[in-house]
Amino acid sequence: MSAAEDEKLNPELQEEHQNQEEGDVEPEMEYGDEIGMGYVFYRDRKEWADVDAVPQDDGPNPIVKIAYSDKFMDVFDYFRAVLQRDERSERAFQLTADAIELNAANYTVWHYRRVLVQSLQKDLHEEMKYITAIIEDQPKNYQVWHHRRMIVEWLKDPSQELEFIADILSQDAKNYHAWQHRQWVIQHYNSHSKRSVAQQNRYNLLQPTIGQAPVEFRQTHAGLCPPETGSSLTSALEILQDHCLSTYPNLLEQILELQQTHSSPYLIAFLVDMYEDMLENACSNQEETLNNALELCDLLAKEKDSIRKEYWKYIGGCLKNKYGTTEESKSPSEEQ
Amino acid sequence: MEEPISVLRCLGEYHSAELFNEDNVKTVTSIEQKKVEDSVQDVFNAYKINHRLSPPSLQREQHYIYLKRGLRHLSDAYECLDASRPWLCYWILHSLELLDESVPSSVASDVCKFLARCQSPSGGFAGGPGQHPHLAPTYAAVNALCIIGTEEAYNVIDRQKLLDFLYSLKQPDGSFIMHVGGEVDVRSAYCAASVASLTNIITAPLFEGTPSWITRCQNWEGGLGGVPGLEAHGGYTFCGMAAMVILQKEHMLDLKSLLRWVTSKQMRFEGGFQGRCNKLVDGCYSFWQAGLLPLLHRALHTQGGSSLSMTNWMFHQQALQEYILLCCQNPSGGLLDKPGKSRDFYHTCYCLSGLSIAQHFGSREIHHEVIVGKEENRLAPTHPVYNICPDKVAQAVQHFHQMAVPGKSGSSSQTPNL
């Protein structure tokens, strides 16, 4: 389904591509591929003569009416027929493949295909081959991944999964469905592992263990990662938060030093967090710490991270309200 | 209270200082980001040269023509959305209501009749007539019917069956699957909470365990993933937060880290939002991400946040409007992801929804507008939980609260948190 889907398939982009591809050499044709090149409509197939197609009932004044191609209408007219009579047959099974090819997002077809796979006791390894090919072709579709998950569950065999997912990720390292499937596989079939799934994924890819000195932290982050990326500093923050920011007293000095040469909004925000942590833990120089924090919030709002000015104004205001003295903690004037 | 904006942030002398600094570390991510910044910069520069005397303009007329036609007819390119037709109704109707364009009563009636054909005999709505019901088209259909807001529209919904349908999808751990034999993710909780609260069918056990499950979706980044353990993502974060607001459990989330995460998703150069860290700006996140700020504002206010602004959301409203108006409009009508992409009704809906959020601050008592460009760019306000106009929410709630909650007559119903 569409909402919240990562980079959803844009139908109008398809339209543009279709226009561009006219005149290109046709790929090798298979039986049933193109009209005039051997494709036979279901309505013309002898082996389907016993079935009355069921046209879509949009009503007399349809809304959002799609101008389906002949091929699309024909396939789905027969799919509706098969669904209506709950036909459990090999021909119905093959029909689902045609329907899926025309619209892989039709979850009703996928559901019916699964009913048929079980009813007809289809070879699940063959089904795995099928779904592998479909996902390679359309890796950003919910239904294909869910279908694969069901087959893996029925087979009770995840042995192909990590390699398959790795292949998909090699084509698009950020495919959300792929990562979701990966976490499911690991969680479901790796219960003897003590690490959490996310940790497994992360530690496969990332870096130093926590116990190491702040010196190493600074070296790692100043040397390897450009100061402009949010993710490495944020994940460093998470790791440190897990182990309590304030147990590294020299860290503040190190970061302040780093600020001289490698300033970035991420670094300054990190400093604000450190000051807040110190205030929270009732450090000795509350007033100075608060002022430092407020100064940085102001710097971020006005200059270094102005896209987030409203946020930094709010954070500064919160700090003032929470840690300011009675004089300072009057409600902040609303500067526009 | 109104604030017309004529000096554009993106045309500022120092705006190029916001460009990404690769620092000689090239990655796939940085290369893609730079490409987008380049194309966005081209748009900003072209605007500077060609239009600097005329303010950014929402192409209302073109969008209206595109939407009006789409409501009736779509090309075969839309075959891929044949299992999402209620969505098409909702995206188009909501876009029209934001543009303050009325729908003729005959068309409205036809929408009602069509959606009635999408309703399943077992409850809920399907992606098209004869298909199986699914929470996403159910959400879209109910929203579309509430936008229409006539008796005919409200009467389409079989509330008893809808409740049965929701129960049939409920899982022991508090989550919901999207359809029978389907997948779980946080969208389902939002879809269920949205339709149940609008139509007044919430019973005590229906959402038992759901808030706890949703909180498990929040991760170290501060945002929410689709299911527990996954990367924080704008779409899923919106769904989770909005569901929590409906269930009046938003305080179970770490609002502070959520606020930090979402504000960090606004792109300093482009002005629009990315969906996840290290990914690209996309016009649709103008709603999914920016829409979180009104929800957070209210939640933090309830918590007693005295530092909250009384005039602005905690994102750069002007920068977002500039991105949408300059980079996300197709001159022939319709809106889009980013320059170079094709228009579609999904992006039209969510770019306009985001534009509305960016223009209107406030609620019942306070209202402060920030309008970039022409006055005529002003859209109708949208409800940040349901993403239909607030008056349509109020009207629907009022209508359905006159009815008893199905299945358990006489029991008290939960008034939704508007």
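Student: What percentage of the 336 residues of chain A count as buried?

Tutor: A residue is buried when its relative accessible area is under 20%, exposed when over 50%, and partly exposed in between, using a 1.4 Å probe and protein chains only. In chain A, 47% of the 336 residues count as buried. This is a predicted model, in which local features need pLDDT of at least 70 and side-chain atom pairs count only at pLDDT 80 or more, while totals for chains, interfaces and linings use all residues. Residues are numbered from 1 along each chain as its sequence is written, chains are lettered from A, and side-chain values use heavy atoms, with hydrogens and water left out.

Student: How many helices and strands does chain A have?

Tutor: Helices (H or I, at least four residues) and strands (E, at least two) are DSSP runs, numbered from the N terminus. Chain A has 15 helices and 1 strand.

Student: Is Gln274(B) buried or exposed?

Tutor: Gln274(B) is buried, as its relative accessible area is 6%. Its place is the loop between α11 (255-263) and α12 (285-288) of chain B.

Student: Which residues does Gln274(B) touch?

Tutor: Contact means heavy atoms within 4.5 Å. Leaving aside residues up to four places away in sequence, Gln274(B) touches several residues, among them Ser264(B), Met267(B), Leu280(B) and Tyr285(B).

Student: Which residues of α3(B) meet α5(B)?

Tutor: Those in α3(B) include Trp87(B), Tyr90(B) and Leu93(B), and those in α5(B) include Tyr139(B), Ala140(B) and Ile147(B). By class, this contact has 13 nonpolar, 2 polar and 1 charged residues. Ala, Val, Leu, Ile, Met, Phe, Trp, Tyr, Cys and Pro count as nonpolar, Asp, Glu, Lys and Arg as charged, and the others, Gly among them, as polar.
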